[in-house]
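Here are some notes for a colleague who is opening this entry for the first time.

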Amino acid sequence: MNFDNILLFTDLDGSLLNKKTFDFNAASYLIKDCISKGINIIPNSSKTDLELNEICEDLDIPKIYISENGSCIKGLNFLSNSLNKEIILSRSKEIILKNFIENVDMNLRQKCLILENEPLQNQIEILGLPKDKIPKALNRKFSFPFIFEGNEDQEVQLKTIIKKNGLKIQFGGRVLNLGDEVSKGNAMKKFVSLLSKQTKKNYVLICVGDNENDFDMLDKCDFPCLVKNGPIKKMNFKNQCIFSTQEAPYGWVEVVNETLNKIEEIKNK
Ligand SMILES: [Mg+2]
């Protein structure tokens, strides 16, 4: 492995940002340190473009990210100027909604509380965001966050129908997301293959996540890291995973430091 080119893909909520307060202060120094060493930090999140733009500004990192659970890649042009500013990997929200309405029966659909149709107060409570952040969080181009009010059997039934019709439901910690057959891992692979093709370089991939919608990205990277979020999950990925003992943002610092140390050790062997 050539460790000169490291890309660090990270989930945000519950991985880098504290799941309740969204605080990331404890990670600021390490983020700066990574950037100064030439390690690109690429948020890979269920969040929208507008939210990710703002977070990149707050984190003081370039606006290079993957939004809406693998639906769209932004900012590859910052890494190689012949690459596109935006790469869309999903069908539009309108097509997804049409497919959902045509294929899911009324009974199951009525159990899906689609967040954008809910009153503002419910949106605030469900997303745990302040009022002024709601418009950015719901400015979605490819997916519908929702709460499912049916029982477990009905949820399995819903997921089966959705899958059969080429869509996908992903769970990101607070809400379910109805979207296209996309994933954070596949978007990351696309990102890296487009970049490698242009730069003729191989990249070492570090991934940080905390939840099931991160698992396929963790499985497709060289150094998977899982940040503690609630009950400990012992997952197996293709490569050995580093688990944090603390929650975000401290857990993020813990796993990233441990990974960078591990890389140093391998380099010095
Ligand atoms: Mg998360």
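1. In this predicted model, the largest cavity holds about 50 Å³ of space.

2. The lining of the largest cavity consists of E68, N69, S71, S143, K168, Q170, N177, G179, D180 and V182, which by class amounts to one nonpolar, six polar and three charged residues. Strand 8 (167–171) and strand 9 (176–180) each supply at least two residues of this lining, and strand 9 gives the most, with three residues. Both domain 1 (6–88 + 183–268) and domain 2 (93–180) contribute to the lining, with at least three residues from each.

3. Around the second largest cavity the lining residues are G14, N18, K19, K228, N229, E247 and A248, and their classes are one nonpolar, three polar and three charged.

4. Turning to the metal, the magnesium ion is coordinated at 2.1 to 2.2 Å by D11 (OD), D13 (O) and D210 (OD), donor residues that are spaced D-x1-D-x196-D in sequence. D11 lies in the loop between strand 1 (6–10) and helix 1 (28–36), whereas D210 lies in the loop between strand 10 (204–209) and helix 9 (215–219), so the pair ties together parts that are 199 residues apart in sequence.

5. Are D11 and D210 buried or exposed? Since buried means under 20% relative accessible area, D11 counts as buried at 5% relative accessibility, and D210 counts as buried at 2%.

Terms used
Residues numbered from 1 in each chain as written. Predicted model: local features only at pLDDT ≥ 70, side-chain atom pairs only at ≥ 80, totals over all residues. Heavy atoms only, no water. Donors = N, O, S within 2.8 Å, 3.2 Å for Na, K, Ca; no water. Helix = DSSP H or I, 4+ residues; strand = E, 2+ residues; numbered from the N terminus. Buried < 20%, exposed > 50% of the residue type's maximum accessible area, 1.4 Å probe, protein only. 1 Å grid on protein atoms, 1.4 Å probe; cavity = no way out; pocket = protein on both sides within 12 Å on 5 of 7 lines; lining within 4 Å. Points joined across faces, edges and corners; volume = space filled by probe spheres on them. Nonpolar A, V, L, I, M, F, W, Y, C, P; charged D, E, K, R; others polar. Domains from an automatic or database assignment.
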